[in-house]
Amino acid sequence: MERSSEITRRTMLGTLGFLGVAAITGGLAAPGSAGAQPLGLQETGEEALRRVFGGRPMKDGSGVIKLDIPAIAENGSLVQTSVTVESPMTPQNYVKHVWLVADKNRIPVVFRATLVPEAGRAYVGATIRLGETGDVRAIVEQNDGTLLAVRREVKVTVGGCGG
């Protein structure tokens, strides 16, 4: 009787181990393409707003939104900002999202904050980076989908020199 064609227990365990390692590491899956996600890179502020909000109209929110940001930022890497919205923050009427958009930044949408009525107050504060002098917008989306916006120009200086 010839034993060389039989599958041994050792061969079977080795083969199953190899297949298990290949399955875990993705060696059995079809190779996919890898690449950077260019979403939001090198777009203008208007393009970013169009991408995020489509063609939805934005109302003037100067009566209810307070965008607190310095008019002159001596260090564009560290700009303190806050957005306060006069809203009752009840389950029937509340601020759903607060967006901050810097038109001249390489990635204009700086952040989006999601709020819930339990927050009790529509307030967001952050330290942001501004690439250069330009408009900064605070856009508020209410729970009914209404968009309100305010805009403020911020001059970014380098070493105390305005530009």
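Does Met12 count as buried, partly exposed or exposed, and at what relative accessibility?

1. Met12 counts as partly exposed, because its relative accessibility is 39%, and the range between 20% and 50% defines that class. The residue is found in helix H1 (residues 9-25). Together with Ile7, Leu16, Phe18 and Leu19, Met12 forms a nonpolar patch on the surface. The accessible area of these residues together is about 540 Å².

2. The model under discussion is predicted. Its chain has 2 helices and 9 strands, and from the N terminus on the elements run α-α-β-β-β-β-β-β-β-β-β.

3. On aromatic pairs, the count comes to 1. The ring centres of Phe53 and Trp99 are 5.1 Å apart and the planes stand at 70°, so this pair is edge-to-face. It links distant parts of the chain, with Phe53 in helix H2 (residues 45-53) and Trp99 in strand E5 (residues 95-102), 46 residues apart.

4. Both partners can also be described by their accessibility. Phe53 is buried, its relative accessible area being 5%. Trp99 likewise counts as buried, at 11% relative accessibility.

5. A further ring contact concerns Tyr123: Arg121 lies over its face, at 4.7 Å from the ring centre.

6. For the chain as a whole, buried residues make up 36% of the 163 residues. Among contacts with a separation of 6 or more, 61% are accounted for by residues 24 or more positions apart. The accessible surface of the chain comes to about 10,600 Å², and carbon and sulfur atoms hold 53% of that surface.

Notes
Residues are numbered from 1 along each chain as its sequence is written. This is a predicted model: local features need pLDDT of at least 70, side-chain atom pairs count only at pLDDT 80 or more; totals for chains, interfaces and linings use all residues. Side-chain values use heavy atoms; hydrogens and water are left out. Patches are made of residues with over 30% relative accessible area and no salt bridge: like charges are joined within 9 Å, nonpolar side chains (Val, Leu, Ile, Met, Phe, Trp, Tyr) within 5 Å. Accessible areas come from the Shrake-Rupley method with a 1.4 Å probe; for residues, only the protein chains shown count as cover. A salt bridge is a side-chain nitrogen of Lys or Arg within 4 Å of a carboxyl oxygen of Asp or Glu. Helices (H or I, at least four residues) and strands (E, at least two) are DSSP runs, numbered from the N terminus. Buried means under 20% relative accessible area, exposed over 50%, partly exposed in between (1.4 Å probe, protein chains only). Rings of Phe, Tyr and Trp (its six-membered ring) pair if their centres lie within 6.5 Å; planes under 30 degrees apart count as stacked, over 60 as edge-to-face and the rest as tilted. A charge sits over a ring if NZ of Lys or CZ of Arg is within 6 Å of the ring centre and within 35 degrees of the ring normal. Contact means heavy atoms within 4.5 Å.
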